[in-house]
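Have the structure open and follow along.

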Amino acid sequence: MSQPATVLVLSPSLGDDFFASVLGGVTREVVAQDGRVIVVETLQEYNPRDEVGAPGAYSSRIGWGQSDAVVSVTTAADVPHLQAARASGKPVVLVSSTQMDGFEAPVARPDNFDGTRGAVEHLIEHGHTRIGFVGNLAQRDIADRYESYRETLLLHGLPDEPSLLFSAPDNGEGGGAAAAHAILQTAARPTALMVATDRNALGLIAELQAAGLSIPDDMAVVGFDAIPTGSYTTPPLTSVDPRFTEVGALAGRLAVRAAAGEDAAPATVTPDEAVLHVRESCGCDFAARRTVPLGERAAERATASSALSRLEEALLAEQHTGHAPTDAATREVSAALAHEAVGILAKGDAATTREIDDFANRLVTHVDRPRGVRHFAVALTEYARALADEEGREFHGISPAFAIALWRAQSGAFLRQRIATEIAIAEQYGVDAGLLDTSGVDPRSLAWFAGTHVKSAVLGLWEDDDPASERLRIVGSYDPRGVLADLQRGPVDIAEFPPRELVATASAPEREICVVVPVRTRDRDWGLLAMVAPLGPSTARETYQHWAALLCAALESQRREAEVRRSALYDALTDLPNRTLFVAQLDKAIARWKRDGTPFAVLFLDLDGFKLINDSLGHQMGDRVLRQVGRQLQSVLREMDTAARFGGDEFVILLTDTDADSAHVAALRVQEALSVVNEFDGHEIVTRASIGIASSEIGYSSAEEVLRDADAAMYRAKSAEPGTIAYFDADMHHHAVRRADLAREVLRGLQEGHFEVHYQPIVNLVTGRTDRFEALLRWNHPERGFIEPREFLGELADTSLIVQLGHWVINEVCAQLERWKPHRTNVSVNISDKEFWSQDLLSFVLAALDRHGLPPDSLTLEITEAVLMRRPEMALRIMEKLHAAGLRLHIDDFGTGFSSLETLHRFPVEAFKIDRTFIQSLTDAENTAELISSLVQLGNALGIAVVAEGVETGEQLLFLQQLGCAAGQGYLFMPAVSAESATELLEESLADGSSESAN
């Protein structure tokens with residue numbers, strides 16, 4: 001991988017020190033390689049925290065489109081999701097997890113074994129022989145700590161009794177309190193406890209002290225995690241620091257390397273960084289406070305040189321960003337501060353107050369977190385102790401003035417932290433006010449981010465409010481820096497969220513990451529919120545989850561307000577527009593007609609026999625029927641059209657950009673939709689409607705005039721014959737009747753077998769063989785004889801009948817191909833505009849092939865250039881699905897539209913057909929020959945076959961052969977013939993146009 005990696009981090013939570021530290025480490029290492037981090041929280045806010053060992057059922061493809069590797073933290077994702085991520089080409093690294101059944105990957109974990117062993121041995125050094133264990137064994141890390149605890153007891157010959165295990169139901173203070181209750185009820189209590197998490201330890205100590213026990217006199221306690229709060233309890237908590245940041249850093253390095261193509265063994269790796277922070281809860285006194293290296297580093301002799309290195313490390317640890325220039329400057333300042341502190345130590349009591357105070361001020365400016373100042377103070381004490389040992393003198397601690405200054409620096413860091421907290425509270429108040437005040441700015445605009453630490457943000461809501469669609473509409477962005485100008489607002493696949501433009505705004509020097517949180521409640525899933533912000537305390541406080549929850553409340557409030565407004569414009573029963581909204585839409589249509597001549601038509605429907613339904617089955621059943629009618633109307637209308645209910649059983653439809661002829665076609669479509677049998681509680685009900693049509697050709701000036709005439713036409717239809725259609729204008733009515741008659745005749749022809757498929761051979765102009773055909777529809781009318789397709793297909797082009805005819809042809813061709821077995825041939829079928837865009841095209845074609853036992857490449861689907869160019873992007877997706885299914889694809893009538901070289905290059909087609917008009921004009925237009933030559937050369941260059949249509953003379957054939965045209969068809973070879981005649985042509989030579997069958 002040549003470009004910097006984007007790493008997708010899946011974490012069940014962003015809260016607490018563990019997840020924040022791991023995320024900080026991952027970010028540091030990825031940023032160090034100029035990469036970016038996308039973080040997705042997989043556990044919903046209202047669900048339990050990460051307390052159990054089972055992975056969550058997370059299955060979203062968020063960020064897959066732009067991430068190069070995945071880091072999954074603890075129980076963030078289960079095996080199926082991680083397998084899918086890997087199958088998509090993304091290497092996976094696990095953090096604090098275990099090898100899952102059926103899924104092996106590199107795992108970065110804290111040093112649970114050495115850390116626990118060091119803690120237990122420290123308690124043994126205090127003389128304890130009855131040591132208990134407290135923890136939630138459902139988690140793998142905790143189980144490992146318990147296993148190390150047991151091994152250490154056995155190693156020192158101490159009892160490993162089940163009664164010394166005290167289970168905590170979770171990792172928090174409540175879990176520790178529950179374990180304390182169990183300890184207090186134990187007859188033979190332990191004298192010391194190894195507690196698996198610091199939060200467990202804090203809850204346990206508080207409960208034991210409330211029961212009258214003294215810590216550590218009655219019971220010594222050592223924790224694990226080294227959370228900042230532990231330093232300020234009474235007594236301060238001795239704890240193992242597993243350096244979770246380094247665990248995350250290790251995972252980040254593994255992910256970056258894997259993204260670059262390096263193989264990583266599916267093994268568990270741990271950073272050799274764990275230390276034991278010795279304080280008073282274990283039984284040590286204040287003077288014995290120190291940091292003890294564990295694991296392999298435990299055997300290292302503490303020298304002044306190594307202690308000085310750790311002193312510099314203590315300053316760097318809290319400031320390390322991974323951004324090389326920033327870290328270089330930080331390292332220089334850290335080294336200077338460390339050497340300045342050493343200089344003050346060397347002066348001892350001779351150091352002036354001014355020197356000490358100036359140093360303390362510089363320290364708190366450089367390290368603004370209390371934990372960083374505390375670690376520096378401990379490291380400085382360790383250095384002073386090691387130096388005293390090397391010089392052979394007794395260590396009495398650092399000078400009181402220096403110690404006081406360090407405590408003051410730590411207090412200053414706390415003050416700065418408190419100020420930051422107050423700023424965060426003020427920030428939260430501003431967000432709360434912005435989101436809860438729905439009367440102001442639309443919450444989807446994300447204007448409520450103003451004044452927060454967030455640098456930029458994007459909100460995506462599910463397309464059609466359907467999370468299963470996995471498509472998001474970008475409805476809002478926060479862009480104070482003006483960097484999202486090119487952000488695409490249309491629907492995006494979930495794999496492309498967060499948008500690349502947003503992720504690219506993350507600044508490496510500022511340790512900025514892109515965080516994605518779900519905007520979801522128990523009852524509704526709205527979408528996703530993505531933010532770019534610096535990695536910091538806001539991440540650990542679950543700030544973003546809280547904001548997402550507030551955003552849900554604001555969106556819900558907005559939705560309810562919209563429902564109130566909607567009720568004034570929509571029919572409550574059918575959810576269709578009511579008369580008020582319909583008249584407003586119709587007024588706009590009239591204005592457009594007057595302005596630019598855009599035609600419109602209105603259909604006025606009255607259900608026939610509806611009163612009988614109400615009277616016989618009751619009004620509730622009548623309401624159900626009306627709702628079904630509303631759904632049926634909406635199902636057959638275009639998005640630009642409007643269907644409304646005026647009351648009772650009257651419905652009205654506004655057809656935009658529709659002339660009188662098309663209005664009649666739409667009315668037929670409506671009647672067809674209503675004629676479907678619907679079952680309601682065992683009652684089969686068929687609805688039909690009398691329809692009146694009024695169109696803009698009359699020249700209306702008001703909506704009421706249009707409705708009046710459409711209503712009059714409806715009553716004329718109902719009085720003549722219920723269930724029919726009437727125009728307000730008699731002449732238009734007669735024309736529409738002719739079209740309706742044609743439609744009825746076509747439908748009858750399909751039902752009575754009046755249609756046939758003829759086959760025109762497509763000849764290989766090199767070999768002269770006939771190995772495929774084009775299927776052409778013929779109508780053998782019982783009264784008018786054979787009718788050419790051009791006489792009726794155009795009239796049906798925008799009706800559902802054209803799709804029915806297309807389906808009939810496909811099935812008939814498949815049946816013929818089955819009869820031609822074992823001959824291996826291919827037949828091209830023309831796909832109409834409406835058929836190509838129908839949702840069931842692919843499923844119908846595959847079902848027909850399967851029904852007749854044919855492979856997909858038996859059929860070639862020919863789609864005209866004009867159809868593809870109408871909506872090229874959507875057409876490309878359809879063509880790709882057809883091609884992936886194994887079907888052959890040709891572009892028909894090539895050269896008559898406005899396509900380009902890009903069209904041929906992008907669309908998965910095997911051939912294009914030169915329209916017959918070009919072939920027939922070869923002798924009439926000089927530039928036609930050049931055009932045809934260019935088209936053939938274009939096909940050859942792209943590896944796409946060229947088929948010439950309408951070859952009728954030997955001169956045309958010779959010209960095409962000289963150009964290297966692959967195939968041709970036309971009357972020179974043979975017109976379309978019946979299936980029986982076509983059987984005789986299989987693999988026959990027709991290249992010279994002299995076949996006996998052709999004569």
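A residue counts as buried under 20% relative accessible area, as exposed over 50%, and as partly exposed in between. Keep in mind that this is a predicted model. With those cut-offs, Asp358 comes out as partly exposed because its relative accessibility is 28%. Arg354, at 62%, counts as exposed.

These two belong together: their side chains meet in a salt bridge, 3.2 Å from N to O. Both sit in helix α10 (residues 353-366), four residues apart, which is about one turn of the helix.

## Bridges between separate parts of the chain

Side chains of opposite charge can pair when their charged atoms come close. The structure holds 41 salt bridges, and a couple of others are worth a look.

Take Asp606 and Lys718, whose closest N and O atoms are 2.9 Å apart in a salt bridge. This pair links distant parts of the chain, with Asp606 in strand β19 (residues 600-607) and Lys718 in helix α20 (residues 703-720), 112 residues apart. Is Asp606 buried or exposed? Asp606 is buried, at a relative accessible area of 10%, while Lys718 is partly exposed at 21%.

Then there's Arg824 with Asp857, another salt bridge, at 2.9 Å from N to O. Arg824 lies in the loop between α23 (800-819) and β29 (826-830), and Asp857 in the loop between α25 (841-851) and β30 (859-864), so the bridge ties together parts 33 residues apart in sequence. Arg824 is exposed, with 52% relative accessibility, and Asp857 is partly exposed, with 26%.

## How α1 meets α7

Now for the helix pair. Helix α1 (residues 16-32) packs against helix α7 (residues 244-259) at an angle of about 40°, and their axes are 6 Å apart. The two are therefore oblique to each other, and α1 passes α7 in a right-handed crossing.

Which residues make the contact? On the α1 side they are Phe18, Ser21, Val22, Gly25, Val26, Arg28, Glu29 and Val30. From α7 come Phe244, Thr245, Glu246, Gly248, Ala249, Ala251, Gly252, Arg253 and Val256. Sorted by type, the contact residues are eight nonpolar, five polar and four charged.

Finally, look at Arg28, Glu29, Glu246 and Arg253: salt bridges that share partners join them into one network. Arg28 and Glu29 are on the α1 side of the helix contact, and Glu246 and Arg253 are on the α7 side.

Terms used: Residues are numbered from 1 along each chain as its sequence is written. This is a predicted model: local features need pLDDT of at least 70, side-chain atom pairs count only at pLDDT 80 or more; totals for chains, interfaces and linings use all residues. Side-chain values use heavy atoms; hydrogens and water are left out. Axes are lines fitted to C-alpha atoms, for helices over the stretch in contact, and angles run from 0 to 180 degrees between N-to-C directions. Angles under 35 degrees count as roughly parallel, over 145 as roughly antiparallel, 65 to 115 as roughly perpendicular and the rest as oblique. A crossing is left-handed if the near helix is turned anticlockwise from the far one by less than a right angle, and right-handed if clockwise. Contact means heavy atoms within 4.5 Å. Ala, Val, Leu, Ile, Met, Phe, Trp, Tyr, Cys and Pro count as nonpolar, Asp, Glu, Lys and Arg as charged, and the others, Gly among them, as polar. A salt bridge is a side-chain nitrogen of Lys or Arg within 4 Å of a carboxyl oxygen of Asp or Glu. Buried means under 20% relative accessible area, exposed over 50%, partly exposed in between (1.4 Å probe, protein chains only).
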